[in-house]
Amino acid sequence: MRENPIRLSIVAGARPNFMKIAPIIRALDQHKTTFNYRLVHTGQHYDRNMSEVFFEELGIPPPDHHLNVGSGSHAVQTAEIMTRFEAVCLADRPHAVLVVGDVNSTLACSIVAKKLGIAVVHIEAGLRSGDTRMPEEINRMVTDAISDLFFVTEPSGVENLLREAHPASHIHFVGHVMIDNLFHQLAALAEMDTTGFEGDAVKRSLPSYGVVTLHRPSNVDDPQALRGVVAGLAAVAAELPLVFPAHPRTRARLAEFGLTLAPNIHLLDPLPYMAFLNLWKDARLVLTDSGGLQEETTALGIPCLTLRENTERPVTVDEGSNQLVGNDPIRIAGLARQVLRVAPQSTSARPALWDGRAAERIVAVLARELLPLAV
Ligand code: UD1
């Protein structure tokens with residue numbers, strides 16, 4: 001061991017964080033003499049299929065600290081994470097705290113670290129939707145305002161950070177760790193027997209199908225919006241059966257607003273990563289309001305209709321297979337029909353640096369930039 005390895009605290013809290021830390025941990029494990037990391041799970045997501053299963057399937061070691069914060073209003077959840085993470089930082093004294101993405105855990109832990117004088121490293125920095133009604137946009141803006149090192153997935157992120165006057169020397173365009181993870185897991189999936197995976201029986205029963213995910217408050221918490229999406233999905237399902245693993249909040253809202261899905265829509269519980277990958281990688285079409293899935297579908301060239309009016313990931317529209325459709329049923333049905341009219345094409349074009357090696361690049365920069373903190 002190096003006498004003074006760089007002490008890192010890696011934060012993950014919600015489902016979309018887990019696939020981003022997996023490749024970083026693999027890359028750090030290649031440099032054990034340089035880094036000494038501790039993993040902190042805030043517990044923002046806690047259902048087995050939203051959390052534990054991801055650790056198992058993605059090969060993430062058990063967390064060193066589990067903060068068990070659970071759900072709450074944004075203020076309550078953020079405050080709870082901050083209170084509990086501060087104690088962890090005071091005990092572990094990391095040289096840097098590494099946060100990923102844009103969830104409440106990202107925001108809470110970066111504020112705590114910064115106020116304790118600990119360097120903040122933000123992975124997936126610089127993305128902007130321009131829409132502050134979206135909680136993630138606020139999380140992204142605040143996290144980036146106080147981050148010391150920025151790792152960026154696409155050119156728009158670099159432009160946004162420069163426009164916000166961050167020094168160019170702190171901004172590193174490295175590609176996307178989530179795409180590293182996707183390629184890693186696809187290779188593993190190819191060796192697996194998928195019979196018995198949740199959703200596999202439905203998949204096998206359908207010659208062709210679409211996949212739906214939906215969980216944004218702007219789509220599911222407003223009855224009018226959710227009614228629009230449900231009507232749009234019914235129109236699509238008249239031509240293409242849909243498989244819909246539903247986030248717990250979405251299921252709850254459908255019941256609360258008394259909305260029923262068309263019979264050709266197969267509703268499932270949230271799926272583990274591998275079962276979900278097994279499903280969407282062969283889909284004819286994906287309809288989603290997720291951030292990550294816009295990117296993963298682009299990486300595999302699968303047509304994606306994003307049920308939002310904007311995206312913080314414009315490279316998926318400019319260079320990828322993504323189109324923005326919002327939640328108007330007529331628009332959803334019309335664009336889906338257009339996609340289905342065109343024969344599926346396989347494409348090998350991917351955004352720059354989405355090559356499965358982002359985590360290696362990140363770790364090389366961290367070793368160089370953080371070393372002075374550890375001597
Ligand atoms: C969070 C992220 C969002 C991300 C999404 C992916 C924020 C602001 N939002 O949204 O960016 O796209 O995760 O899933 O951080 N719940 C459960 N079980 C769980 C977790 C949540 O039942 O394991 C239910 C609870 O009723 C909870 C609700 O889902 O109140 C919302 O959870 P929360 O973590 O607040 O936000 P998400 O909508 O999951």
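Between domain 1 and domain 2, nine residue pairs are in polar contact, with both residues of each pair at pLDDT 80 or more. Helix 1 (15–29), helix 2 (52–57) and helix 5 (135–146) each supply at least two residues of the side of domain 1 that touches domain 2. The model is predicted. Its domain assignment gives domain 1 as 6–176 + 354–374 and domain 2 as 196–341.

**Domain contact**

- The contact draws 24 residues from domain 1 and 19 residues from domain 2.
- The centres of the two domains, taken over C-alpha atoms, are 27 Å apart.
- Interface size is often quoted as the accessible area lost when the parts come together.
- Here, about 1800 Å² is buried between domain 1 and domain 2. Carbon and sulfur atoms give 57% of that area.
- On the domain 1 side, Asn49, Glu57 and Trp354 lose the most area to domain 2. Together they account for 27% of what that side buries.

**Salt bridges**

- The whole structure holds 29 salt bridges.
- Asp282 forms one of them with Lys203, and the closest N and O atoms are 2.6 Å apart. This pair links distant parts of the chain, 79 residues apart. Asp282 sits in the loop between helix 12 and strand 11, while Lys203 belongs to helix 8 (residues 200–205).
- Between domain 1 and domain 2, the count is three salt bridges.
- Arg313 and Glu124 also form a salt bridge. Their closest N and O atoms lie 2.7 Å apart.

- Seven strands form an open sheet in the order 3-2-1-4-5-6-7. Their pairing is parallel.
- Strand 3 (65–66) and strand 7 (171–173) are the edge strands, and each pairs on one side only.
- Strand 6 (residues 149–152) pairs with strand 7 in the parallel sense, over three bridges.
- Phe150 stands opposite Ile171 of strand 7.

- Strand 11 (residues 285–288) and strand 12 (residues 304–306) run parallel and are joined by three bridges.
- Val286 has Cys304, in strand 12, as its bridge partner.

How values were computed
Residues numbered from 1 in each chain as written. Predicted model: local features only at pLDDT ≥ 70, side-chain atom pairs only at ≥ 80, totals over all residues. Heavy atoms only, no water. Pairing = 2+ DSSP bridges. Helix = DSSP H or I, 4+ residues; strand = E, 2+ residues; numbered from the N terminus. Domains from an automatic or database assignment. Contact = heavy atoms within 4.5 Å. Buried area = accessible area lost by both parts, 1.4 Å probe. Salt bridge = Lys/Arg side-chain N within 4 Å of Asp/Glu carboxyl O. Polar contact = N/O pair within 3.5 Å; in protein donor to acceptor, adjacent residues only side chain to side chain.
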